[in-house]
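Notebook open, model loaded. I start with the overall layout and then go through the contacts one by one.

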Amino acid sequence: MAQLEALLDPTGMEAGAADTTLSPRPVSLRGLTIGLLDNTKPNSTLLLETIAAQLQEHHGAGEARLYTKDYFGTPVKETLLEEIVRECDVVITAVGDCGSCSAATVADGIMFERAGVPTVSITSDSFLMSGQAMASVQGFPGFDFYAVKHPMASLTAEEVRERAMTAMPEVLRILGVEEGR
């Protein structure tokens, strides 16, 4: 006699995973806490901190808090996700510059959006399709993220800052910030 076995869905599509609604956008960043999720890839920290400094200097954002994932190729752990959601008003996560880390960076962004936190995920343009594929697998095919010019890992500090400055209009657009644009 056949017995029923529980199956696990390896795609990450679980209850609520088809929710494609963005979290409410802030319009202004004045006083808001920015969460920076560093995936440990080279130059991620500098890219994120440069963007946060621009948001603070030109858009009145409040404190920026830097968090670091355990591993770049997997989505953020639930405990860290909950901590960031509890402590931050918006999140920027970076940088996906390979296949698995780009997919994980996009998955992170979708998880934060579903938790109610506006998020910008940043990958490199060479792995745009990897990020888009992850968004589809997560049931959020229209998830909007930004792709910086590839490569990121081999850049000098000045070149990373230039990439951050280039990203600023899209970061503001994705966050829905209207003030100061």
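I take helices (H or I, at least four residues) and strands (E, at least two) as DSSP runs, numbered from the N terminus. On that basis I read the pattern β-α-β-α-β-α-β-α-β-α along the sequence, with 5 helices and 5 strands in the chain.

Ground rules before I go on. This is a predicted model, where local features need pLDDT of at least 70, side-chain atom pairs count only at pLDDT 80 or more, and totals for chains, interfaces and linings use all residues. Residues are numbered from 1 along each chain as its sequence is written, and side-chain values use heavy atoms, with hydrogens and water left out.

**Entry: whole chain**

I looked up burial, where buried means under 20% relative accessible area, exposed over 50%, and partly exposed in between (1.4 Å probe, protein chains only). Of the 181 residues, 46% count as buried. I also looked up the accessible surface (Shrake-Rupley method, 1.4 Å probe; for residues, only the protein chains shown count as cover). The surface comes to about 8,800 Å², and 55% of that belongs to carbon and sulfur atoms. For contacts I use heavy atoms within 4.5 Å. Among contacts between residues at least 6 apart in sequence, 78% join residues at least 24 apart.

I found N39 in the loop between strand 1 and helix 1. How buried is N39? Its relative accessible area is 0%, so N39 goes down as buried. Next I checked polar contacts (a pair of N or O atoms within 3.5 Å; within protein, one must be able to donate a hydrogen and the other to accept it, and residues adjacent in sequence count only if both atoms are side-chain atoms). The side chains of N39 and S44 are joined by one of 3.0 Å. A polar atom of the N39 side chain also lies 3.1 Å from the backbone nitrogen of K41. Leaving out residues up to four places away in sequence, I see N39 touching a list of residues that includes K69, Y71, F72, G96 and T105.

**Entry: K41**

I then turned to salt bridges (a side-chain nitrogen of Lys or Arg within 4 Å of a carboxyl oxygen of Asp or Glu). Which residue forms a salt bridge with K41? The partner is D97, with the closest N and O atoms 3.4 Å apart. This pair links distant parts of the chain, as K41 sits in the loop between strand 1 (34-38) and helix 1 (44-59) and D97 in the loop between strand 3 (90-96) and helix 3 (99-114), 56 residues apart. K41 counts as buried because its relative accessibility is 15%, and D97 counts as buried at 9%.

K41 also lies over the face of F72, 4.4 Å from the ring centre. The test I used there puts a charge over a ring if NZ of Lys or CZ of Arg is within 6 Å of the ring centre and within 35 degrees of the ring normal.

**Entry: other salt bridges**

The structure holds 9 salt bridges. I looked at D108 and K69, whose closest N and O atoms are 2.7 Å apart. D108 is in helix 3 and K69 in the loop between strand 2 (64-68) and helix 2 (78-87), 39 residues apart, so I list the pair as a link between distant parts of the chain. Both D108 and K69 are buried.

Then came D144 and R173, a salt bridge of 2.8 Å, N to O. D144 is in the loop between helix 4 and strand 5, R173 in helix 5 (residues 157-175), 29 residues apart. Buried or partly exposed, this pair? D144 counts as partly exposed at 28% relative accessibility, and R173 counts as partly exposed at 34%.

**Entry: the loop between helix 4 and strand 5**

G139 is in the loop between helix 4 (128-137) and strand 5 (146-148). At 14% relative accessibility, G139 counts as buried. I checked G139 against D19, 120 residues away along the chain, and their C-alpha atoms are separated by 7.1 Å.

On to aromatic pairs (rings of Phe, Tyr and Trp, its six-membered ring, with centres within 6.5 Å; planes under 30 degrees apart count as stacked, over 60 as edge-to-face and the rest as tilted). The structure holds 3 of these. The ring centres of F140 and F143 are 5.5 Å apart and the planes are at 75 degrees, so I call the pair edge-to-face. F140 counts as buried at 4% relative accessibility, as does F143 at 5%.
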